[in-house]
Amino acid sequence: MSTRPDGVFTPIDINNLTLRNRLAVAPMTRVSAAENGTATAEMARYYERFARGGFGLLITEGLYTDRAFAQGYRHQPGLTDAAQALAWRPVVEAAHRHGARIVAQLMHAGALSQGNRFRDATVGPSAVRPRGQQMAFYYGQGPYPTPRAMTEAEIADAVQGFADAAERAIATAGFDGIEIHGANGYLIDQFLTESTNRRTDRWGGDTSRRTAFLVAVLRAVRERVGGRVPVGVRISQGKVNDFAHTWAGGERDAEAIFDAVAEAGADTIHVTEHEAWKPAFEGGRDSLVALARRFAPDLRLIANGGLHDPARAQAVLEAGADLVALGKGALANPDFPERIRAARAVAAFDPALLGPIANIKPSELAA
């Protein structure tokens with residue numbers, strides 16, 4: 001990988017937050033919090049390894065935002081009260097101690113919830129049963145239940161939950177920024193998706209109208225934390241329960257979604273695809289990274305998806321991304337930045353690490 005000034009080791013600023021390089025750890029659900037949603041000492045060690053290994057930015061796993069319908073998984077961490085927020089302080093301090101910066105990803109599972117200690121039922125934009133089966137490696141079993149369509153009051157509560165959690169993340173936990181989880185089939189993505197959002201009110205309609213919930217969340221978070229920290233959004237086509245999904249409107253949908261994110265005041269867009277460099281749509285030429293760059297030219301762009309090959313990561317940066325986020329590549333190589341700086345081989349990911357449950361394994365913390 002190139003180390004020239006525009007390469008991966010070049011520092012970058014995102015709304016006054018300086019990162020030492022262009023390498024980030026992608027958010028990965030590890031279901032390792034205490035049953036009450038507080039982060040643990042084991043989790044602090046887990047995140048610290050990536051900071052010690054040279055990553056410039058760490059993005060947490062999705063943190064549930066309220067004590068109603070947001071929680072998606074057993075042992076998922078949350079940001080619903082001061083105790084949960086304070087439990088993240090050692091994680092943040094460990095990241096900072098090794099020169100990394102860390103942002104909190106805020107998540108509402110919506111219809112994909114399979115382990116909520118606060119509610120037995122699920123909600124979504126519309127009463128549409130999610131495709132597929134609950135994920136066994138996140139303690140799930142059987143088909144997803146059919147959610148109840150959210151009321152206007154429940155939508156308002158969900159928006160407020162994101163804003164409240166964002167404030168706790170910055171003011172109490174000390175995170176350096178916020179990422180709103182608008183990807184992978186969770187609640188915001190359910191509002192964006194035609195098949196799961198069949199509403200006829202102001203929250204539904206064509207693609208531009210279906211961005212309304214995302215825009216409301218983004219604006220509420222920005223208002224709560226102000227302009228002093230970066231706020232971004234993660235966007236995908238595929239979903240954890242519908243891996244091959246693509247936007248029916250192709251590039252028109254990409255334009256509507258990315259334009260809405262930019263207009264609502266985001267600092268970053270984090271796009272994730274299975275292979276980030278490939279065309280986003282059949283018969284097209286541009287990747288989702290290239291489309292995000294075209295339709296939101298002023299935002300910092302994070303690319304995720306199969307970019308653990310150093311040459312591939314560099315090519316995506318040259319194609320328009322500002323940062324590269326690694327998931328499985330980071331799990332296999334928590335010292336990935338130091339490895340490639342020293343021209344050492346990159347280890348292959350072992351899928352057994354995420355089974356039978358995707359929790360943090362002792363072997364990950366041994367080094």
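Me: A salt bridge here is a side-chain nitrogen of Lys or Arg within 4 Å of a carboxyl oxygen of Asp or Glu. How many salt bridges does that rule give?

Reply: The count comes to 19. This is a predicted model: local features need pLDDT of at least 70, side-chain atom pairs count only at pLDDT 80 or more, and totals for chains, interfaces and linings use all residues. Residues are numbered from 1 along each chain as its sequence is written, and side-chain values use heavy atoms, with hydrogens and water left out.

Me: Which residue does aspartate 242 pair with?

Reply: Arginine 131, with the closest N and O atoms 3.1 Å apart. Aspartate 242 sits in the loop between strand 9 and helix 8, and arginine 131 in the loop between strand 6 (123-124) and strand 7 (148-149), so the pair ties together parts 111 residues apart in sequence. Helices (H or I, at least four residues) and strands (E, at least two) are DSSP runs, numbered from the N terminus.

Me: Is aspartate 242 buried or exposed?

Reply: Buried, at 15% relative accessible area. Arginine 131 is exposed, at 54%. Buried means under 20%, exposed over 50%, partly exposed in between (1.4 Å probe, protein chains only).

Me: OK, helix 8. What span should it have?

Reply: 18 Å for its 13 residues (251-263), and its end C-alpha atoms are 18 Å apart, which agrees. The expected span is 1.5 Å times one less than the number of residues.

Me: Which of its residues are buried?

Reply: Asp253, Ala254, Ala256, Ile257, Phe258, Ala260 and Val261.

Me: And what comes just after helix 8?

Reply: Glycine 265, with a positive phi of about 105°.
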